[in-house]
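Reader: Please take me through this one slowly. I have the viewer open and will ask as I go.

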Amino acid sequence: MSSTQFSVIIPAHNEASVIPRCLSAIYEGAEPSAVPEVIVVANGCTDDTAQIARRFVPQVDVIELAEPSKTAAMNAGRKRASHFPQVFLDADVQCSLKTLSAIVDAIKAGALAAAPIAHFELRGASWPVRSYYRAWAQQPYVQRALGGSGCFALSQAALTRIGPFPDVIADDFWAMSRFNEDKRVIVRHDAAREPVFTRIFPPRTILQQIRVDARRRAGTEQVRRDYPSASMAAQTSAGPVRSALSSGSSSTDTIIFLAVKAASTALGRWRKFRGREKTWFRDESSRTE
């Protein structure tokens, strides 16, 4: 397992219901002294996210910001962090110490950016949601480690290169797309060849999924429009329909996937027409466990 000399930054906005499971995954089975520096940045909270994080383990460092901004929270965490690499972890996912250590090992081996694969906890989700995520996991942008796992690590050199996180919706896509594919990796196993992943809790209904997907789409479009990179320019895209059809997913999964994409595109255009393109939608159905 990697040395614990790295920092984990967790931006959290009104995450009282899920911050315990996020922190539990990091500390489970480990002595507190063996856990890396963990910084929870409670931003714009009107609940007791900060208090819960402080009570969880004394070693958790908690910052409170008045502004409800994920990227401002990430930047605040970067300033507070004592170590490199730095790992950015969503508060609503679970990521074990083994997984964190594995992506840090990838950084120490020479990558500038690293992320684990995502495992979707689909228990309780409707069958269309399960179908959608089976197809989603096969898409090229997921395989290219451009976001979607709720966790990514950056080296000191990478953080110096990219500077502060801008005010974007898709922070992971922005960060990972700053680097060419040979400098970012997606991690599936640790040094012992044991699987590593983040545990993600997706929406339980297809309507919620369409809303989440519209937010994701707005985020990637914002980055492509306002923050283009050489890495993006080097990519060739077959388009979402052709990519989905050639991904190897079943016919049913592909149809559901494309239907959600079409619906989310229409919703995104409607939000943009109403001037609500950047409105943050958060699924609450996955925050009840």
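Reader: Which helix does Trp136 lie in?

Author: Trp136 lies in helix α5. Helices here are DSSP runs of H or I with at least four residues, strands are runs of E with at least two, and both are numbered from the N terminus. Before going on, note that this is a predicted model, where local features need pLDDT of at least 70, side-chain atom pairs count only at pLDDT 80 or more, and totals for chains, interfaces and linings use all residues. Residues are numbered from 1 along each chain as its sequence is written, and side-chain values use heavy atoms, with hydrogens and water left out.

Reader: Is Trp136 buried or exposed?

Author: Trp136 is buried, at a relative accessible area of 5%. Buried means under 20% relative accessible area, exposed means over 50%, and partly exposed is in between, using a 1.4 Å probe and protein chains only.

Reader: And how many residues of α5 are buried?

Author: Seven of the 10 residues of α5 are buried, so the helix is mostly covered. The buried ones are Pro128, Val129, Ser131, Tyr132, Tyr133, Ala135 and Trp136.

Reader: At what angle do α5 and α12 cross?

Author: The axes of α5 (residues 127-136) and α12 (residues 251-273) cross at roughly 95° and come within 8 Å. An axis is a line fitted to C-alpha atoms, for helices over the stretch in contact, and angles run from 0 to 180 degrees between N-to-C directions. The two helices are therefore roughly perpendicular to each other. On that scale, angles under 35 degrees are roughly parallel, over 145 roughly antiparallel, 65 to 115 roughly perpendicular, and the rest oblique.

Reader: Which residues make that contact?

Author: From α5 they are Trp127, Pro128, Ser131, Tyr132, Arg134, Ala135 and Trp136, and from α12 they are Thr252, Asp253, Ile256, Phe257, Val260 and Lys261. Contact means heavy atoms within 4.5 Å. The residues divide into eight nonpolar, two polar and three charged. For that count Ala, Val, Leu, Ile, Met, Phe, Trp, Tyr, Cys and Pro are nonpolar, Asp, Glu, Lys and Arg are charged, and the others, Gly among them, are polar.

Reader: New topic. Which residues touch the most other members of the largest nonpolar core?

Author: Val8, Ile10, Ile26, Val40, Val87 and Leu89 do, in a core of 50 residues. A nonpolar core is a set of buried Ala, Val, Leu, Ile, Met, Phe, Trp, Tyr and Cys residues joined through side-chain atoms within 4.5 Å. The largest share of this core, six residues, comes from helix α4 (residues 97-108). Another core, of 26 residues, lies apart from it, and includes Phe152, Ile162, Trp174 and Phe179.

Reader: What is Val87 in contact with?

Author: Leaving aside neighbours within four places in sequence, Val87 is in contact with residues including Val8, Leu100, Ile103, Val104 and Phe152.

Reader: And what does Met74 touch?

Author: Not counting residues up to four places away in sequence, Met74 touches Ile9, Pro11, Phe88, Phe152, Phe165 and Asp171. Met74 lies in helix α3 and counts as buried at 1% relative accessibility.

Reader: Where is the cis peptide bond?

Author: The bond from Phe84 to Pro85 is cis, with omega near -5°. Pro85 lies in the loop between α3 (70-80) and β4 (86-89). Most peptide bonds are trans, and most residues other than glycine have a negative phi.

Reader: Which residues have a positive phi although they are not glycine?

Author: Asn14 has a phi of about 50°, and Arg193 has one of about 65°. Asn14 is in the loop between β1 (7-12) and α1 (19-27) and counts as buried at 18% relative accessibility. Arg193 is in the loop between β8 (184-187) and β9 (197-200) and counts as exposed at 60%.

Reader: Last one. How many helices and strands does the chain have?

Author: The protein chain has 12 helices and nine strands. Of its 289 residues, 54% count as buried.
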